[in-house]
Amino acid sequence: MVDDRFGVTAHEGLDLAEVEHALERLAGLHAEAGYAVVSPTHLFRAELMLDLYGEDIRGRAFLFPGGGGGEELCLRPDFTVPVVLAHAAQGWDRPARYAYQGPVFRRQEPGSTRPVEYLQAGIENLGAADAATADSQVFSLTLKGIAEIGPEAIRVTTGDLGIPFALLEALAMPARRRQRLRRHFWRPARFRGLLDAAVRGPEAPSPRRADLIAALGAPDPVAAVATHAAAAGEITGLRELDELVSRAERLAGAEAEPPMPAEQAELIEAVTEVAGPSGEALSQLRRLTAEAGADITAALDRFEARLDALNRSGVDAEDLSFDAAFGRNLEYYDGFVFEVLAEGRTDLPPLAGGGRFDAMTRQLGAAHAIPAVGAMIRPEAALLARRGAA
Amino acid sequence: MTRLTLGLPSKGRLQEATVAWFAERGVTIERLGGGREYAARASGIDGLDVIMLAAGEIPRELGAGRIHLGVTGEDLIRERLAGWEDRVDLATEMGFGHADLVVAVPAWWVDVETLDDLDEVAEAFRGRHGHPLRVATKYHNLTQGFFRHHGVADYRIVDSQGATEAAPKNLSAEAIVDITTTRSTLRANHLRVLADGLILRSQANLCISRVADWSGRAHQRLRDLAARLALKDW
């Protein structure tokens, strides 16, 4: 079955020469700023993407069998992973700045008119010790690129995922609860459900669970849990009995966890809801956390240092729109995040976006997280927006 | 289009039940060539051609508009036809082919009763075994959608086209998603359905393609057929 969508790319309605010209101008900007051109592969092992994003990536990227060893391959949905891997092949621990251009491939929802193939032109700044300066430089260079090829009327949103993570770290709570909240921060509805459940406190266990926890109280808990489990069904599979015993211990521990104070849940929600001009947002975050006695000074100082760096590079940082909830659907970022939209063009995707992803470098194999921040522009969307505005 | 095409499942039980369902409503479907030939004829209504197709292929044929009508399970429509709502109307449930699509885990996992439990265990499992918890199924899309909706993130689908219940014992997966009618096969294989693990209650449906050629007399013929079959809203 041939699907109509596969004929649709973001080039539609654009003059090819116009697109090439825009790419050249962006390449010029990136070269001038000291970013070295890289051309990573289009295809790489799907395993990497599945490890990073889980099965959900299948809904967003093209994965298919075809590797020599029978493994699945992935058609790059963005440049970040391929560029970082190309960097790693030469050793992680060295500062580097890369610029890239080329097509990316995205699976779209059925019925969507969004392109399955479109161009990205972007930069990755790896290993820069001064995070504030690197963040500011990547941001300014991206806005410069939009000014070169995109519309005048843009709307910029920024966020900082380091702030909610620092807050979860700073608040006193059982370790398991903190881990659960961190893990599900990317799924706001689930996160909210976890907060509500934590405030309500432990619920009456099901009969099966009550039996399991009771078994832990036996003179030989491991034997008692084993008997209980074996009575339910043959013990087979890769998961082993001791894994069930440790989980049972954790469950018993959770039963004993004190409920989360309502003020703590409210603080977490209040912090993730802060939105407004950056200057005001920073003061509000300082006030909120100070009143609650939650020390996230280091994270807020980083926010402030970034605003200072942005000011130095000529951006009116105080007025830059900040939204603490922004980026909660972008699982690999863990610090500064931003996005550029064309004002009044809800028909167009974001023209540009990026952020900091230090933690991901560890997941990709670095011995320790290395500083990493990057951003991309979608030249076709930027050109369409400029044309619409003209 | 002057005639309608109905896709009839080629498989025994589903076909018999379909033929009986139509017969009760005054439409006789008989197989040609003494039952060995994959061809059939409808009588009792004008302008209806019947072709035989594997039940699993009927969603695709409906979605491509190559048949006007088809009989298949709701599970197969939802699994195999991306954006099915725009292409196919589940016109009526036919009261047979019942099957529940469920998430099941080894019964001895007494600590896992809900999807939240499964999610927590998946996290610990990956730490211990160095790879994600695996879910054996042939329902890749429905599994993905359901798990995403319930916030289960860290797992890997392993394709299983048959004997899925054996996957945990064979060490090819830790949990399964499969259809079950009485759950007895699950029990016999020492598996238990999670308390919130019901993905879909499926049964055979008479489906109408929204994208087939409805020009000419086709639409009037559909109205006549719908009246004969007492389909609501048609």
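**View 1. Surroundings of Ile163(A) in the predicted model.** Apart from neighbours within four places in sequence, Ile163(A) is in contact with Val271(A), Leu285(A), Ile296(A), Ala299(A), Phe303(A) and Ala324(A); two residues are in contact if their C-beta atoms, placed from the backbone, lie within 7 Å. This is a predicted model, in which local features need pLDDT of at least 70 and side-chain atom pairs count only at pLDDT 80 or more, while totals for chains, interfaces and linings use all residues. Residues are numbered from 1 along each chain as its sequence is written, and chains are lettered from A and ligands numbered from 1 in the order in which they are written.

**View 2. Nonpolar cores.** The largest nonpolar core has 79 residues, of which Ile163(A), Leu167(A), Leu351(A), Ile377(A) and Ala382(A) touch the most other members. Helix H4 (residues 131–149) of chain A supplies the largest share of this core, nine residues. A second, separate core of 39 residues includes Val245(A), Tyr155(B), Ala173(B) and Ala175(B). A nonpolar core is a set of buried Ala, Val, Leu, Ile, Met, Phe, Trp, Tyr and Cys residues joined through C-beta atoms within 7 Å. A residue is buried if 20 or more other C-beta atoms, placed from the backbone, lie within 10 Å of its own. Of the 390 residues of chain A, 37% count as buried.

**View 3. The side of chain A that touches chain B.** Here 33 residues of chain A are in contact with 31 residues of chain B. Helix H8 (207–216), helix H9 (221–232) and helix H10 (241–255) of chain A are the elements that give two or more residues to this side. H10(A) gives the most, with five residues. By type, the residues on this side of chain A are 12 nonpolar, nine polar and 12 charged; Ala, Val, Leu, Ile, Met, Phe, Trp, Tyr, Cys and Pro count as nonpolar, Asp, Glu, Lys and Arg as charged, and the others, Gly among them, as polar.

**View 4. A three-stranded open sheet in chain A.** The strand order is E2-E4-E3, with antiparallel pairing; two strands pair if DSSP finds at least two bridges between them. Helices (H or I, at least four residues) and strands (E, at least two) are DSSP runs, numbered from the N terminus. Strand E2 (43–45) and strand E3 (62–65) of chain A each have a single partner strand, so one side of each is left without a neighbour in the sheet. Three bridges join E2(A) to strand E4 (residues 72–75) of chain A. Leu43(A) stands opposite Leu75(A) in E4(A).

Key. Buried ≥ 20, exposed ≤ 12 C-beta atoms within 10 Å, placed from the backbone.
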